[in-house]
Amino acid sequence: PMSQVWCISSKALARFHSRYPPRLVFLRRSISILMLTAILLSLPCWFSAPESTLLPTSQAQTNGPFLVIQGEPDATSDPPYVQTYVSVIDRSDAHSISDLTSAAFHLQESGTDVNVNSVSYEPIGLAVAIVVDRGGISAPGDGRIKEATDLARELVNRLTVVGDSSDDMVAIVGVGEEGVLQPEEDFTYNPVDTNLIQNALIEMEGETVRGGTPLYEGLDEALRLLTENTDGTIRDVLSHRRKIIIVFSDGIDPDFSDEAREGDIIRKAEDNGVSIYAIGMAHRNRQLNAEKNLVRLSDQTHGLYLLHNSDESHQQVLDLFDHLMTQRNQYLITHQTRLSKGEYALRIEVETPVGSAETKTSFSSILETPRLTLIAPTDNLSITVPYSLTQRAFLTTTVTLQAQVQAQGGAERYP
């Protein structure tokens, strides 16, 4: 402990002083200062933090782009072409990086470079799961629940819902007392019903919540709705959408803080391309004491953490929502595969004005080995090959072969 270090250091300095006569006061003080300086400089190396699979809270949130594949590459709709939806996002402010051409992307199939046939930038839609951690901010007389619900309304009002196939989709999970997830509304589609979300927000405003709440339970449920939805139709339309979680919380309650559980949530989010954007709901002009988990959750899932405690920070949150809306646009990358039926690795790299990024996935080729049928020459054809006595060798003889190539499985393969 630091107190023990200082105790030992003081005794060492006292022993040092006792060895020198009073007439060497100046020299003695100079040496003492040098010894103290040396001790202070060496202190950082005497202490080490316990090992952890999580990044330290103090680490700055990373800038630069990140690349996430939305759903599985489609190698069956138009073989031999493979179509892959990807999002390219600037981590510094959460906006989608637009105006990239095919030259910005580099693809490899099982370690072999392949050409990019086309790249288009298309509106595919968002899938937003809102999580409201009601403990603390919904205590009697606490106005932060109204601030959180008002922010959630601002978010919902920014979504694109016009009755189109690319409509943004939204769900909400409230985290209440004793881990009760209430209110909760699942994703809707065709049509997307945002009134259900608005009604849930009104319900939260009219109820108080006493005591701590297990935020990780709410995040787990949001991930389930996004990645393992029990409705087959909803699950299909979610597959290629950009998936994000927006969480409003005043921090993880110590009674429910579990590093292993936190790690599981981060891994599940990363495996499914889900980013967590956390809004720390503090009192006006105050800080949060339990925000480190929120910072880690957002940082390690390529999201962002923002503290909400003033008019200025309120506007920063609204700006974040505006940037998130750009993520409804994705790149559709098309390339041609020549690989026969089987599972193969696919690696995608991108170069952007703010840096480079890469990611990996796999795809399933359905291409069967083509069937070759010999058409000419016909069976039982005899060919005489002349022999040259002067050259003492057979002369070159041309035989014309004709073959028919038949693609199998209904998938054409072009030369």
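Author: A helix here is a DSSP run of H or I with at least four residues, numbered from the N terminus. The model is a predicted one.

Reader: What makes residues 144-158 count as a helix, and where do Lys146 and Asp150 lie?

Author: Residues 144-158 form helix α3, and the label asks for a run of at least four residues. Lys146 and Asp150 are both in helix α3, 4 residues apart, which is about one turn of the helix.

Reader: Why is the contact of Lys146 with Asp150 called a salt bridge?

Author: The closest N and O atoms of Lys146 and Asp150 are 2.9 Å apart. The cut-off is 4 Å between a side-chain nitrogen of Lys or Arg and a carboxyl oxygen of Asp or Glu, so the pair qualifies. Side chains of opposite charge can pair when their charged atoms come close. The structure holds 21 salt bridges.

Reader: How do you know that β14 and β15 pair?

Author: Strands β14 (residues 342-352) and β15 are joined by 11 bridges and run antiparallel. Pairing requires at least two bridges, so β14 and β15 pair. Thr352, for instance, has Gly355 in β15 as its bridge partner.

Reader: What makes β5 and β15 edge strands?

Author: The open sheet of 4 strands runs in the order β5-β4-β14-β15, with antiparallel pairing. β5 (112-114) and β15 each have a single partner strand, so one side of each has no neighbour in the sheet. From one strand to the next, the twist averages 30°.

Reader: Which strands are at the edges of the sheet of 6 strands?

Author: That open sheet has the order β9-β8-β7-β10-β11-β12 and mixed pairing. Neighbouring strands are turned by 15° against each other on average, direction ignored.

Reader: How do you know that β11 and β12 pair?

Author: There are 4 bridges between β11 (residues 274-281) and β12, which run parallel. At least two are needed, so β11 and β12 pair. Ala278 has Tyr305 of β12 as its bridge partner. Helix α8 (residues 292-299) packs on this sheet, touching β10 (242-249), β11 and β12.

Reader: Which residues lie nearest the centre of the largest pocket?

Author: They are Val68, Ile69, Asp271, Asn272 and Gly273, out of 29 lining residues. The lining divides into 10 nonpolar, 11 polar and 8 charged residues. Elements giving two or more residues to the lining include β1 (65-69), α7 (259-271) and β15 (355-365). The volume of the largest pocket is about 550 Å³.

Notes. Residues are numbered from 1 along each chain as its sequence is written. This is a predicted model: local features need pLDDT of at least 70, side-chain atom pairs count only at pLDDT 80 or more; totals for chains, interfaces and linings use all residues. Side-chain values use heavy atoms; hydrogens and water are left out. Axes are lines fitted to C-alpha atoms, for helices over the stretch in contact, and angles run from 0 to 180 degrees between N-to-C directions. Contact means heavy atoms within 4.5 Å. On a 1 Å grid over the protein atoms alone, a cavity is a set of points where a 1.4 Å probe fits but cannot get out, and a pocket is an open set with protein on both sides within 12 Å along at least five of seven lines; lining residues have an atom within 4 Å of a point. Grid points are joined across faces, edges and corners, and a volume is the space filled by probe spheres set on the points. Ala, Val, Leu, Ile, Met, Phe, Trp, Tyr, Cys and Pro count as nonpolar, Asp, Glu, Lys and Arg as charged, and the others, Gly among them, as polar.
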